[in-house]
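Trainee: I would like a close look at one part of this model. Please take me through the place where the two chains meet.

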2 protein chains.
Amino acid sequence: MKKVNIALIGFGTIGTGVVKALAGKRLFIKKKRGLELELVRIADKDLRTKRPVKVSRKKLTKKAGDILNDPNIDIVIELIGGIHPAKEFVIKALESGKHVVTANKALLAACGKEIFKVAKKCGVTVRFEASVGGGIPVVKALSGDFVANRIQAVYGIINGTSNYILTKMEEEGETFNGALKKAKGLGIAESNPTLDINGMDSAHKLAILSLLGFGRYVDVGDIFTEGIQSVELQDIQYAKELGYSIKLLAIAKKDEGKLDVRVHPTLLTTKHLLAGVRGAQNAIYIKGDMIGESLLYGEGAGEKATSSAIISDVTDIAEAVAAGKKMIMPEMNFDSGVSGIKGIGRVKSRYYIRFMAMDKPGVLAGISGILAKYKISISSVSQKERNKEHAVPIVMLTHEAIEMDLRKALGQINKLNSISGKPVAIRMEMR
Amino acid sequence: MKKVNIALIGFGTIGTGVVKALAGKRLFIKKKRGLELELVRIADKDLRTKRPVKVSRKKLTKKAGDILNDPNIDIVIELIGGIHPAKEFVIKALESGKHVVTANKALLAACGKEIFKVAKKCGVTVRFEASVGGGIPVVKALSGDFVANRIQAVYGIINGTSNYILTKMEEEGETFNGALKKAKGLGIAESNPTLDINGMDSAHKLAILSLLGFGRYVDVGDIFTEGIQSVELQDIQYAKELGYSIKLLAIAKKDEGKLDVRVHPTLLTTKHLLAGVRGAQNAIYIKGDMIGESLLYGEGAGEKATSSAIISDVTDIAEAVAAGKKMIMPEMNFDSGVSGIKGIGRVKSRYYIRFMAMDKPGVLAGISGILAKYKISISSVSQKERNKEHAVPIVMLTHEAIEMDLRKALGQINKLNSISGKPVAIRMEMR
């Protein structure tokens, strides 16, 4: 049985999980697959921090170069995160003929094209199941299992922190800040949760899903991204009364030959499969011309689930290495019939809108007149309170409208004397 | 680009779907994967029936031998179903050095061990993603993506016909027969739906899932199997009032070193992920020590979804064939720490029980006295009607009890004068 030599760069939380799993599951995988996975080296710039796993001192190094220059290493697991120096390490590994397994969504979103090209040129492969959806096998589903499908849409709840916060707000009436505090207390939110909450983490993952589903490298800068930081408890409650949940949704779908790709809080009918995804769980809904509607659900983060995905990638590569076979990076871009990105202004959507308006005759006529001018028709409207002194919330659901028109209409409505505060608009997704 | 030659045995509904897909997606897969999938031959004993797909007359044959003996064929897709002559065809194909892709769950459940052994000996492989859950990638998830996991439980709603019927009963108050009639009308149930309704189809699929999850060949005869034919509308309604859905569940889980493996109608709390699976959809819930709770959901049957899974298998094999690599059947059995099958009598479960009893003092005392004798404790009890003349339903939920004890208790209760008709007992699953 040929040993396959594995090295790890980045000995943080996930790295520790991988080390634990490779030690604990060594025999199990050997019996199950006839593979000897040998973790030979671990590099991290910080070797002082105590980790909850025992590692021989000899395996540890501060220098990634000790791994990248070692001709005996077959597979490098990159878990340092961020773009630099992760990118340089990954490229160096590939150029040295090593396969790479990574969970680094920011790196792949920013430099995937370049990295995959180098891998292909060097006759090695990059695997990244753990970069989206933790233990959920969505990368393999989109690239392999659903290979025969023309993908029509991919909708993901792919940020556990945001979903936890929105769930707490909806189910327990927490405010955003209260829910965030709880998430931090439970380790579901990091001490600096900016990238989770502002939608950027979802956007990175969506760039990867778009590549897999639609064969196009999407620049994260081209993904319209809105986080959950301005979602108000009252809107979650009004949405609930109307039969909707608000979720931070990553959306990629084909629309009139363009790729409509965006991340934002979204109203989903409570009957939608994704509406039932609670807490820090993740799920990806995929619609294809052959599979129809499909959903993959599971733990989207955490040491164990992420390590599970990393080890499945390692095992796949190790099987080829042990058999003396080459494993070549497949072409990632393919023609899926989309010719460009649909700008957010041209996106068609239904909307939930809330105005704070004075409770007096003629206000609704003013609002609906402006909406009508922009061809936005209203599917339901309700005034949530009565109060002669203060502004009261008016909640509307629209039929499908063009974002640009909606923005113009809201701009004009905002100028009406009877309206106070900025109108709230949240997109809806029906299918 | 090396052409990969594919042949199909069995030109029925699914076969037609595969032929359509191989024709329609040929260019797409070529561009996406650089693979030329060439369907060179189709065998079926009936070549008269009109199929809704155009096939050159030259490709058709009545003799499977024309495929099995043709050295130019790389991959055989077996879609005739049933055990004979499917088994002989598959073995002959393997012995002739051809890879096999099959959707035949009955064959794999009955003869998987033998077939996989032949494949291994002959240096070829058998793939069967389509045999369980249609377009849902559960076979690859269990065998590949979750490779590092010790699987703790697999629960499947893997028969669309049964799930459709139970959904109609629950949501629309249909009787079993009324729902079955609707299912037939929509083509969701076959004209002879016996294997779907009596649980055998689920048992075949469960044998495959058990092998993948727990590394053990389970004889279908060792799977305790109860279908939905005796599920009564009133029990669905009482369960619903109590916050439960009744689903035909295929269960495989580790319990005290044994494999607890069974198929039966099961009460699931409406909060369980599987309780939301409606209509003819399928879903498989998998619990592993690393991934935690995972759910794969989608279309479990139908021409398109099944063809999607078949083509993903074909593509995987074709990639190896085109690269001149061998693809060897992996060992299917492995040590998952289960030493045998848990007999149904020893299974521990909670139960929903309904008695038809006379509405008079002392009846409940009689019933609960017998239950207590067998150490079965009651978690809730309600009498559903009041009627001095006729027997009325008494519904109980028990705490965890041993099946054998429950059966004995029910036998005794059945003999009470105040009880009319046979007691109904339905197992519950909590996790």
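Mentor: Here is a walk through the contact, from its overall make-up down to single residue pairs. Keep in mind that this is a predicted model.

Start with the two sides. Chain A gives 43 residues to the contact, and chain B gives 43 residues. On the side of chain A that touches chain B, the elements giving two or more residues are α2 (26-33), α6 (138-145), β12 (292-299) and α12 (303-322). By residue class, that side of chain A holds 18 nonpolar, 12 polar and 13 charged residues.

Now pick out the strand from that list. β12(A) is joined to β12 of chain B, residues 292-299, by 3 bridges. The two strands run antiparallel. Look at the pairs across the chains. Leu295(A) sits opposite Tyr297(B) in β12(B). Tyr297(A), in turn, has Leu295(B) as its bridge partner in β12(B).

Next, follow β12(B) into its own chain. Of its 8 residues, 6 are buried, so the strand is mostly covered; a residue counts as buried if 20 or more other C-beta atoms lie within 10 Å of its own. β12(B) also pairs with β11(B), residues 281-288. That pairing is antiparallel and spans 8 bridges. One pair to find is Gln281(B), whose bridge partner in β12(B) is Glu299(B). β11(B) and β12(B) form a hairpin, with 3 residues between them.

β12(B) bridges to β12(A) across the contact, and to β11(B) within chain B.

Definitions and conventions. Residues numbered from 1 in each chain as written. Chains lettered and ligands numbered in written order. Predicted model: local features only at pLDDT ≥ 70, side-chain atom pairs only at ≥ 80, totals over all residues. Contact = placed C-beta atoms within 7 Å. Helix = DSSP H or I, 4+ residues; strand = E, 2+ residues; numbered from the N terminus. Nonpolar A, V, L, I, M, F, W, Y, C, P; charged D, E, K, R; others polar. Pairing = 2+ DSSP bridges. Buried ≥ 20, exposed ≤ 12 C-beta atoms within 10 Å, placed from the backbone.
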